[in-house]
Amino acid sequence: LVCAFEWGRLGKLPSVKWLKTDPPKVNFLTDREVQRLLATQAQEMWSVMTLLALRTGMRIGEILALHWDEVDFRESQICVCHSLCNGKVASPKNNQIRYIDMTPGLREQLDEWKRAAEGQHGLVFKSRTTGGPLSRDTALIALHQACERVGVRKVGRHSLRHTFATQLTAKGVPIRT
């Protein structure tokens, strides 16, 4: 409606009263669940991808679109400038490019993954069959299998983002940071 009003297609912006609903439940892993999930991942790619989500709070689309040239090992930073959405690479949510500092453990794991991965360029996580980006479904199935294997309740990839934020706020970091 706001857009139609701004374009002159709507003479007056109507008043809209929002429906009252309960706030959504935020699903996140406990510290113990995080340790179990990270300690026993079977395939290294999924382990590195899970660690990346848990230590940066990156969205799954941003992780699936991440290229090696966006990982700066010298500065220990990741530039989030792409996201995979509906099978296409686009700008990240809100069109905001951001830089995320890597923890020493994440930096070490990504460095090892880079040395082990075929090809030092292109996507950080790619399909073994096509060489292109992994699908969201493939990443979700791998996470569910890992949860089942270690006896952690099933969570979605976005829960790893919530876990990251919850762990930071528990340590006194302001949520906006």
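**View A. Arg59 and Glu62, a buried salt-bridge pair.** Both Arg59 and Glu62 are buried, a class defined by under 20% relative accessible area, with exposed meaning over 50% and partly exposed the range in between (1.4 Å probe, protein chains only). The two residues form a salt bridge in which the closest N and O atoms are 3.1 Å apart; the criterion is a side-chain nitrogen of Lys or Arg within 4 Å of a carboxyl oxygen of Asp or Glu. By this rule the structure contains four salt bridges. The model is predicted, so that local features require pLDDT of at least 70 and side-chain atom pairs count only at pLDDT 80 or more, whereas totals for chains, interfaces and linings use all residues. Residues are numbered from 1 along each chain as its sequence is written, and side-chain values use heavy atoms, with hydrogens and water left out.

View B. Asp111 and Arg115 are joined by a side-chain salt bridge of 3.2 Å, N to O. Both residues belong to helix α5, where they are four residues apart, about one turn of the helix; helices (H or I, at least four residues) and strands (E, at least two) are DSSP runs numbered from the N terminus. Arg115 is exposed, at 57% relative accessible area, while Asp111 is partly exposed, at 28%. Elsewhere, salt bridges with shared partners link Arg59, Glu62 and Arg98 into one network.

**View C. The salt bridge between Arg153 and Glu33.** The side chains of Arg153 and Glu33 meet at 3.1 Å, N to O. Glu33 is part of helix α2 and Arg153 of the loop between α6 and α7 (157-170), so the pair ties together parts that are 120 residues apart in sequence. Arg153 is partly exposed, with a relative accessible area of 36%, whereas Glu33 is buried, at 12%.

**View D. Two stacked aromatic pairs.** The structure holds two aromatic pairs, counted where ring centres of Phe, Tyr and Trp (its six-membered ring) lie within 6.5 Å; planes under 30 degrees apart are stacked, over 60 edge-to-face, and the rest tilted. Trp68 and Phe73 are stacked, at 6.4 Å centre to centre and 25° between the planes, and each of these two residues is buried. Trp113 and Phe125 are likewise stacked, at 6.4 Å and 25°. Trp113 lies in helix α5 (residues 104-116) and Phe125 in the loop between α5 and α6 (136-150), so this pair connects parts that are 12 residues apart in sequence. Trp113 has 10% relative accessibility and counts as buried; Phe125, at 0%, is buried as well.

**View E. The largest nonpolar core.** This core comprises 41 residues, and those with the most contacts inside it are Met49, Leu52, Ile78, Leu110 and Phe125. A nonpolar core is a set of buried Ala, Val, Leu, Ile, Met, Phe, Trp, Tyr and Cys residues joined through side-chain atoms within 4.5 Å. At least two residues come from each of α2 (31-39), α3 (44-56), α4 (60-64), β2 (77-80), α5 and α6. The most, eight residues, are supplied by α3. Leaving aside residues up to four places away in sequence, Leu52 touches Gly57, Met58, Ile63, Leu66, Ile78, Leu106, Leu110 and Phe125, where contact means heavy atoms within 4.5 Å.

**View F. The surroundings of Met58.** Met58 is situated in the loop between α3 and α4 and is buried, with 2% relative accessible area. Beyond residues up to four places away in sequence, the contacts of Met58 include Leu52, Val80, Arg98, Ile100 and Arg161. Met58 and Thr130 are separated by 72 residues in sequence and by 24 Å in space, C-alpha to C-alpha.

**View G. Cysteines without a disulfide.** A search of the whole structure returns zero disulfides, the criterion being a pair of cysteine sulfur atoms within 2.5 Å. For Cys81, the closest cysteine sulfur is that of Cys79, at 3.9 Å, too far for a bond. Cys81 is buried at 17% relative accessibility, and Cys147 is buried at 0%.

**View H. Confidence of the prediction.** The protein averages a pLDDT of 90, and 96% of the residues score at least 70; pLDDT is the predictor's confidence in each residue, from 0 to 100. Confidence is lowest in helix α1 (residues 2-6), at a mean of 88, and highest in β2, at 98.
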